Amino acid sequence: MRLTIRRTAFNEKFYPLLDDNEHDTLLLIGGGASGKSYFSFQRAVIRALQDKRKYLVVRKSATDLRRSCWEDLINCLKQFQIFQLCKVNNTNMTVEFPNGSSFLCSGLDDYEKIKSIPNITDAIVEEASEVTLDDFSQIKMRLRGKGRLRNQVVLMTNPISKANWIYRYFFDKGCTEPNCLIHQSTYRDNKFVNNTTVKALEAYKTTNPMFYRVYCLGEFGSLAKQVFTNWESADLDLDLLRKQNLVHCVGMDFGFVNDATAIVDCLLDDENKTFYVLREFYKTGLLNDEIAAQLKLMGLQKATIIADSAEQKSIEEIKKCGISRIQPSVKGQGSINQGIQQLQQYHIVVDSSCVCLLEELENYSYRKDKATGEYINEPIDKYNHAIDAMRYSLQCQSKRHKLRTLPKYSL
């Protein structure tokens, strides 16, 4: 069988890497939506067709791996019209080629499984900033398979803090990895990216310039101490806001003795990238029936409410009290930073009456790495109850719960 793949199937920025057989390590680093991840699988599939290869594809979390790497691999097989020729096991995330090449996808949270895999020739590490230098070293040691092509590790990542091992190992004082090729790209190099994504990325220029430079342009930067700088306090005109067709977002974070139960009532103007916080409730010592009574008092008994999924029992008890549309939040590894990044896309306008949320926004900070003095992409677990509720509330957006009239108590 002869497979013909046109050059137009690839982004020109990456095309010179397609036939690289000189380097032991390829570091593909750059901004979001640059196309580096998908190209890595295009390249890997072509190498697997050219020679008998055994690819190990890893990410720190197996759950995240399925949503990213596995989908990219399957889509690439379909793009090259060889999916039907391969033996695909969706449960175990493995692919076997007719020529004996294979792909195995595994999270590093199951490291013992990886240690037992023999004859690996190549490895792909997605979101390499999530793993450690020791993880990287162990993966390199597993490349013992033989073939016509050179054994290689391909690392893919977006730059984050200078405190991360990627910066210290590959950039701080020059690249310390022998025989390594470093390739940098941004969304501007991806001809396949859609206009909606470009618009969302470029919105960060206004809402979060630092995040734009790091996440969109792929530059290493020093994070500021304060997590959110894209907000302001204002006396909101609720009567004017209620006339607009905005998304109603309500979020709740549970607390009891030391931590407050926090409820935020918000409106999202996605078109203009503005997030309005209308009201807050913030109190300790509440039982679930008292929380339900407060939601009714706020006129939110019919609203979609996204609550902390760690309190499933509390959610069910509140639902039995007549709050039928309360739902658990969607969580996973990295969900806090993902929620923060989503909020950073918007200009946040907080009503001046929301004094607890305003205090949190002023004090919510990133953790400082003691060794480097740099702030890392890990928020300190303080001043975040109303912020967590606000983060959960954005998940109402996926429900597309359009607000026709505000609850009467909002007026």
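Biologist: Which residues line the largest cavity?

Modeller: In this predicted model, the lining consists of L26, L28, S40, R43, I124 and V154. β1 (25–30) and α1 each supply at least two of the lining residues.

Biologist: What makes this space a cavity?

Modeller: A 1.4 Å probe fits there but cannot get out, so the space counts as a cavity. Its volume is about 40 Å³. The count comes to one cavity of 30 Å³ or more.

Biologist: How is the lining of the largest cavity divided by class?

Modeller: There are four nonpolar residues, one polar and one charged. Leu, Ile and Val count as nonpolar, so L26, L28, I124 and V154 make up the four. Arg counts as charged, so R43 is the charged one. S40 is therefore the polar one.

Biologist: Let's turn to Q42. Where does Q42 lie?

Modeller: Q42 lies in helix α1, residues 36–50.

Biologist: Why is Q42 called buried?

Modeller: Its relative accessible area is 3%. Buried means under 20%, so Q42 qualifies.

Biologist: What does Q42 contact, leaving aside neighbours within four places in sequence?

Modeller: Q42 touches A9, F10, C76, Q79 and F80. With A9 there is also a polar atom pair: the backbone oxygen of A9 lies 3.0 Å from a polar atom of the Q42 side chain. The cut-off for a polar contact is 3.5 Å, so this distance falls within it.

Biologist: Now Q226. Why is Q226 called partly exposed?

Modeller: Q226 has a relative accessible area of 29%. Buried is under 20% and exposed is over 50%, so 29% falls in between. Q226 sits in the loop between α8 (209–216) and β9 (231–234).

Biologist: Which residues does Q226 contact, beyond its neighbours within four places in sequence?

Modeller: W231, L361, E362, Y364 and Y366. The Q226 side chain reaches the backbone oxygen of L361 at 2.9 Å. Q226 and Y364 are 138 residues apart along the chain, yet their C-alpha atoms are separated by 6.1 Å.

Biologist: How do you know that the radius of gyration agrees with a compact globule?

Modeller: For 411 residues, a compact globule would have a radius near 22 Å; the chain has 24 Å, so the two agree. The C-alpha atoms fill a box of roughly 70 × 45 × 40 Å along the principal axes.

Biologist: How many helices and strands are in the chain?

Modeller: The chain has 14 helices and 17 strands. Of its 411 residues, 54% count as buried. Among contacts with a separation of 6 or more, 72% join residues 24 or more positions apart.

Methods
Residues numbered from 1 in each chain as written. Predicted model: local features only at pLDDT ≥ 70, side-chain atom pairs only at ≥ 80, totals over all residues. Heavy atoms only, no water. Helix = DSSP H or I, 4+ residues; strand = E, 2+ residues; numbered from the N terminus. Buried < 20%, exposed > 50% of the residue type's maximum accessible area, 1.4 Å probe, protein only. Polar contact = N/O pair within 3.5 Å; in protein donor to acceptor, adjacent residues only side chain to side chain. Contact = heavy atoms within 4.5 Å. 1 Å grid on protein atoms, 1.4 Å probe; cavity = no way out; pocket = protein on both sides within 12 Å on 5 of 7 lines; lining within 4 Å. Points joined across faces, edges and corners; volume = space filled by probe spheres on them. Rg over C-alpha atoms; globule rule 2.2 N^0.38 Å.
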